[in-house]
Amino acid sequence: MSDFIEIVDVSPRDGLQSQPVLLSVEHKLELINRLIDAGVRSMEAVSFVNPKRVPQMADAEEVVRGLPQRGDVTFIGLVLNLRGFERAVACNIDEINCAVVASDTFNQRNQGATTEQTMGVIKEITREIQAAGINMGVTVSAAFGCPFEGEMPMEKVVRLVQRLAAMGYTDISLADTIGAAGPSDVAAMVRRIRTLEPALSLSCHFHNTRNTAVANTYAAIQEGVTSFDASCGGVGGCPFAPAATGNVATEDLLYMIHRMGLKTGIDINKIIETAKWLEGPLGTSMPAMLTRAGVFPA
Ligand code: ZN
């Protein structure tokens with residue numbers, strides 16, 4: 001087992017997208033630069049989606065134009081359709097992430113299409129991404145439960161993952177969008193997928209809606225997952241899922257991971273400082289435990 005865990009900080013996109021206060025481009029870039037200074041080397045920076053549906057991301061191009069020019073940080077942009085793909089390519093984003101929701105009802109609310117229709121769109125976009133030679137990843141959302149349809153049958157998610165792997169995806173993320181899973185659900189799903197698709201590099205994206213995200217991360221690490229999305233301060237939510245609270249906080253995951261003797265390359269104190277700073281422009285307090293308690297020993 002490798003002793004390095006990759007943390008992809010998603011606060012600039014998944015974290016901010018449902019915040020009622022619209023941040024300026026300058027504040028978004030300050031957040032991104034602070035994360036880089038803390039040691040984050042991969043982050044979800046923007047999404048290229050309909051600005052009427054997600055006003056916080058309306059300035060995606062401007063944010064990308066202001067990103068620091070350096071080769072050691074990967075900036076990811078979320079894309080849900082061909083129009084988004086074209087915008088992403090036009091501004092030279094490092095990596096494109098697509099997403100499909102495992103349940104039809106949720107996918108309908110999120111993307112205005114059924115799961116099958118979105119799989120068709122992803123197939124089209126994927127050909128374009130591959131032709132353009134851009135790095136790509138894909139997320140299966142609501143993989144552990146849907147706010148509208150309830151429990152998610154594991155085999156439904158597994159089948160989607162296998163179809164995405166067949167399209168050429170090697171990086172696939174399982175997202176617990178509404179924070180429904182417990183550690184045994186995560187272990188069972190990861191084990192099943194790793195048995196069927198051993199070459200796949202799986203990552204996990206947990207929300208802490210029901211306080212299980214840190215335990216779920218532990219379970220996934222035990223099953224060999226080495227890449228996790230998290231959000232500085234735990235800022236986040238989903239504008240299309242009722243009562244979906246924040247992504248698991250980066251600092252809360254870092255504390256556990258570092259206590260396990262594993263490395264992330266990220267300075268937890270700088271993440272805590274960044275979360276505290278972010279409270280200012282957003283006008284809200286962060287749910288992260290570590291931002292309140294601080295590290296131990298101090
Ligand atoms: Zn999310």
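Donors are N, O and S atoms within 2.8 Å of the metal (3.2 Å for Na, K and Ca); water is not among the atoms, so sites may look incomplete. In this predicted model, local features need pLDDT of at least 70 and side-chain atom pairs count only at pLDDT 80 or more, while totals for chains, interfaces and linings use all residues. Residues are numbered from 1 along each chain as its sequence is written, and side-chain values use heavy atoms, with hydrogens and water left out.

The donors of the zinc ion follow the spacing D-x190-H-x1-H along the chain. Asp14 in helix α1 (residues 11–15) and His207 in the loop between β7 (201–206) and α9 (213–222) are 193 residues apart, so that the pair links distant parts of the chain. Helices (H or I, at least four residues) and strands (E, at least two) are DSSP runs, numbered from the N terminus. The protein donors are Asp14 (OD), His205 (NE2) and His207 (NE2). They lie 2.0 to 2.1 Å from the zinc ion. Asp14 is buried, at 5% relative accessibility. His207 is buried too, with a relative accessible area of 2%. Buried means under 20% relative accessible area, exposed over 50%, and partly exposed in between (1.4 Å probe, protein chains only).

Strand β7 also holds Ser203. Its relative accessible area is 12%, so Ser203 is buried. Leaving aside residues up to four places away in sequence, Ser203 touches Ile172, Ser173, Leu174, Val225 and Ser227. Contact means heavy atoms within 4.5 Å.

The protein has 12 helices and eight strands. Its radius of gyration is 18 Å, close to the 19 Å that the globule rule gives for 298 residues, so the protein is as compact as a globular protein of that length. The radius is taken over C-alpha atoms, and the rule is 2.2 Å times the number of residues to the power 0.38. The C-alpha trace spans about 50 × 40 × 35 Å along its principal axes. Buried residues make up 56% of the 298 residues. Of contacts between residues at least 6 apart in sequence, 72% join residues at least 24 apart.

Asn92 sits in the loop between α4 (82–90) and β4 (95–101). Asn92 is exposed, at 66% relative accessible area. Ala142 is in the loop between β5 (135–141) and α7 (154–166). Ala142 is buried, at 0%. The peptide bond from Phe296 to Pro297 is cis, with omega near -10°. Pro297 lies in the segment after α12 (289–293).
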